[in-house]
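Trainee: I should like to learn how to read the features of a structure in order. Where might we begin?

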Amino acid sequence: MGGKKMSERKMVTVDGNEAAAHVAHAVNEVISIYPITPSSPMGEWSDQWSAEHRPNIWGTVPLV
C-alpha cells in the first residue's frame, strides 16, 4: 500500500460509521449514503470531504 512501512503509517481509531464513510469516499465517484439511523453522520462526513476537494484513490473528488 503506497510503499510505506508499518512504522511510517498513521494509526487512528474511528467508529464504524466513519470507517464506512471513509471507504465510500475513497473508492467511489458518486456517494449516495442512506444511513440506518437518522443520527448517523456518514453523509455529513462524505459531504465535508468532497467540499474540501479531498481526492479519492482515483484522483477525483466524489459527488455526494
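Mentor: Let us begin with burial. A residue is called buried when its relative accessible area is under 20%, exposed when that value is over 50%, and partly exposed in between. Please keep in mind that the model is predicted.

Trainee: Is Ser46 buried or exposed by that criterion?

Mentor: Ser46 has a relative accessible area of 0%, so Ser46 is buried. Its place is in helix α2, which covers residues 42-51.

Trainee: Which residues is Ser46 in contact with, leaving aside its neighbours within four places in sequence?

Mentor: Ser46 is in contact with Ala21, His25, Ile31, Ile33 and Val64. Two of these names return when we turn to the other helix: Ala21 and His25 are among the buried residues of α1.

Trainee: What is the relative accessible area of Met42?

Mentor: Met42, also placed in helix α2, has a relative accessible area of 11% and is therefore buried.

Trainee: How is the length of a helix to be checked, and what does α1 show?

Mentor: The expected span is 1.5 Å times one less than the number of residues. Helix α1, residues 16-27, has 12 residues and should therefore span 16 Å; its end C-alpha atoms are 17 Å apart, which agrees.

Trainee: Which residues of α1 are buried, and what do they pack against?

Mentor: The general idea comes from helix geometry. An α-helix has 3.6 residues a turn, so residues three or four places apart point the same way. In α1 the buried residues are Ala21, Ala24, His25 and Ala26, and the buried residues of this helix pack against α2.

Trainee: Which residue caps the N-terminal end of α1?

Mentor: The cap is Asp15, with a side-chain oxygen 3.3 Å from the backbone nitrogen of Asn17.

Trainee: How should I read charged pairs, and how many salt bridges does the structure hold?

Mentor: Side chains of opposite charge can pair when their charged atoms come close. The structure holds 1 salt bridge; in it the side chains of Arg54 and Glu52 meet, at 3.4 Å from N to O. Arg54 has 35% relative accessibility and so counts as partly exposed. Glu52 is partly exposed as well, because its relative accessible area is 43%.

Trainee: Which residues make the nonpolar surface patch?

Mentor: Val23, Val27, Ile57 and Trp58 make a patch of about 430 Å². Trp58 belongs to the segment after α2; its relative accessible area is 59%, so Trp58 is exposed.

Trainee: What are the totals for the chain in helices and strands, and what share of its residues is buried?

Mentor: The secondary structure comes to 2 helices and 0 strands. Of the 64 residues in the chain, 20% are buried. Among contacts between residues at least 6 apart in sequence, 55% join residues at least 24 apart. Finally, the chain exposes about 5100 Å², of which carbon and sulfur atoms supply 58%.

Notes
Residues are numbered from 1 along each chain as its sequence is written. This is a predicted model: local features need pLDDT of at least 70, side-chain atom pairs count only at pLDDT 80 or more; totals for chains, interfaces and linings use all residues. Side-chain values use heavy atoms; hydrogens and water are left out. Helices (H or I, at least four residues) and strands (E, at least two) are DSSP runs, numbered from the N terminus. Buried means under 20% relative accessible area, exposed over 50%, partly exposed in between (1.4 Å probe, protein chains only). Contact means heavy atoms within 4.5 Å. A polar contact is a pair of N or O atoms within 3.5 Å; within protein, one must be able to donate a hydrogen and the other to accept it, and residues adjacent in sequence count only if both atoms are side-chain atoms. Patches are made of residues with over 30% relative accessible area and no salt bridge: like charges are joined within 9 Å, nonpolar side chains (Val, Leu, Ile, Met, Phe, Trp, Tyr) within 5 Å. Accessible areas come from the Shrake-Rupley method with a 1.4 Å probe; for residues, only the protein chains shown count as cover. A salt bridge is a side-chain nitrogen of Lys or Arg within 4 Å of a carboxyl oxygen of Asp or Glu.
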